[in-house]
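Please open the model in a viewer and keep the selection panel at hand. The stops below proceed from strands to cores and then to charged pairs.

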Amino acid sequence: MESDKKQADSRPLEARAAVLSELVGYQEGSIVSRTIIDKKTGTVTLFAFAAGQGLSEHTAPYDALVHVLDGEVEITIAGKPLHVKTGEAVIMPANQPHALRALTNFKMVLTMIRS
């Protein structure tokens with residue numbers, strides 16, 4: 001993709017429009033992340049996963065919303081695999097084991113609200 005050949009824009013996002021998928025780039029064999037909001041009440045983080053990369057099963061104390069910006073991912077929640085693709089979103093419930101595996105290069109926004 002053309003936008004992935006450009007350097008990811010590292011300017012602050014306050015008071016400007018941005019294309020989220022362009023704010024983090026793919027790196028072969030890696031997972032790249034960029035936190036865009038980090039507050040006591042929650043975080044919003046962009047991720048770019050190279051195909052085949054993933055996060056092993058873990059739990060989190062808060063619900064988390066995954067919104068896929070590009071590509072496809074398998075998200076397993078409490079043993080149930082879900083195939084999630086560009087434009088789709090899923091909530092990973094608090095305290096339920098979950099894991100992610102990139103089926104293709106994929107980008108996501110992870111939003112976690114602490115309560």
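Exposure is stated as relative accessible area: buried means under 20%, exposed over 50%, and partly exposed in between, with a 1.4 Å probe and protein chains only. The model is predicted, so local features need pLDDT of at least 70 and side-chain atom pairs count only at pLDDT 80 or more, whereas totals for chains, interfaces and linings use all residues. Residues are numbered from 1 along each chain as its sequence is written, and side-chain values use heavy atoms, with hydrogens and water left out.

**The open sheet**

Helices (H or I, at least four residues) and strands (E, at least two) are DSSP runs numbered from the N terminus; two strands pair if DSSP finds at least two bridges between them. Select S3, S8, S5 and S6: in that order, these 4 strands form an open sheet with antiparallel pairing. Strand S3 (54-58) and strand S6 (80-85) are the edges, each pairing on one side only. From one strand to the next, the twist averages 20 degrees, where axes are lines fitted to C-alpha atoms, for helices over the stretch in contact, and angles run from 0 to 180 degrees between N-to-C directions.

Thr76 stands opposite Ala99 in S8.

**The salt bridges**

A salt bridge places a side-chain nitrogen of Lys or Arg within 4 Å of a carboxyl oxygen of Asp or Glu; the structure holds 2 of them. Because Arg101 lies in strand S8 (residues 98-102) and Glu74 in strand S5 (residues 72-77), the pair ties together parts 27 residues apart in sequence. Arg101 is partly exposed at 41%, and Glu74 is partly exposed at 25%.

Then select Lys85 and Glu88, which form a salt bridge at 4.0 Å, N to O. Lys85 is partly exposed at 43%, as is Glu88 at 31%.

**The nonpolar cores**

A nonpolar core is a set of buried Ala, Val, Leu, Ile, Met, Phe, Trp, Tyr and Cys residues joined through side-chain atoms within 4.5 Å. In the largest, which has 16 residues, Val66, Ile75, Met92, Phe106 and Met108 touch the most other members. Strands supplying at least two residues each include S5, S8 and strand S9 (106-113).

Centre on Val66: beyond its neighbours within four places in sequence, its contacts (heavy atoms within 4.5 Å) include Ile75, Glu88, Met92 and Met108. Finally, select Leu23, Val32, Leu46 and Ala48, which belong to a second, separate core of 8 residues.
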